[in-house]
Amino acid sequence: MMRWLRRLFWLGLLAGVGCAVYRGVARRKSTPASAPQWSPAPSAPPRKEAEAPTAAARWVLPVDGECPSGYQIKANESSKIFHVPGGRFYDRTVPERCYAIAEDATADGYRPAKA
């Protein structure tokens, strides 16, 4: 009985390896050699130092990881959430954008933090 289980195990292992090799070869044949497998990530424009806020500016970039005076609302671009002073996670949040009023952040598609 043990002999048959060993043979069955090795047969399954051999079939799995053969299947993986076949799929790899088939994948290579379907993709031309000159075509890239992935597109390169777009290069980000260089970050400028935050300038003095103007009356028309809805948001500004943070300076050294902190929002400048007059723009105390911290917004995170990946989660699309903004945090107001006094909020539960305000001190922990590293801002990617800073807003003067919550209405500007909401108009740009951000939502307020729940806590």
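Hi everyone. What we have is a predicted model, where local features need pLDDT of at least 70, side-chain atom pairs count only at pLDDT 80 or more, and totals for chains, interfaces and linings use all residues. Residues are numbered from 1 along each chain as its sequence is written, and side-chain values use heavy atoms, with hydrogens and water left out.

Let's start with the disulfide, meaning a pair of cysteine sulfur atoms within 2.5 Å. The whole structure holds one: C67 and C98, with sulfur atoms 2.2 Å apart. C67 sits in the loop between β1 (59–60) and β2 (73–76) and C98 in strand β4, so the bond ties together parts 31 residues apart in sequence. Strands here are DSSP runs of E, at least two residues, and helices are runs of H or I, at least four, numbered from the N terminus. The link is left-handed, at -80 degrees about the S-S bond. C98 is buried at 0% relative accessible area; buried means under 20%, exposed over 50%, and partly exposed in between, using a 1.4 Å probe and protein chains only.

Next, I73. Leaving aside neighbours within four places in sequence, I73 is in contact (heavy atoms within 4.5 Å) with residues including both C67 and C98.

Now the threonines. T93, in the loop between β3 (81–83) and β4 (97–99), counts as buried at 12%. Not counting residues up to four places away, T93 touches K74 and H83. T106, in helix α2 (residues 102–107), is partly exposed at 46%. Thanks, everyone!
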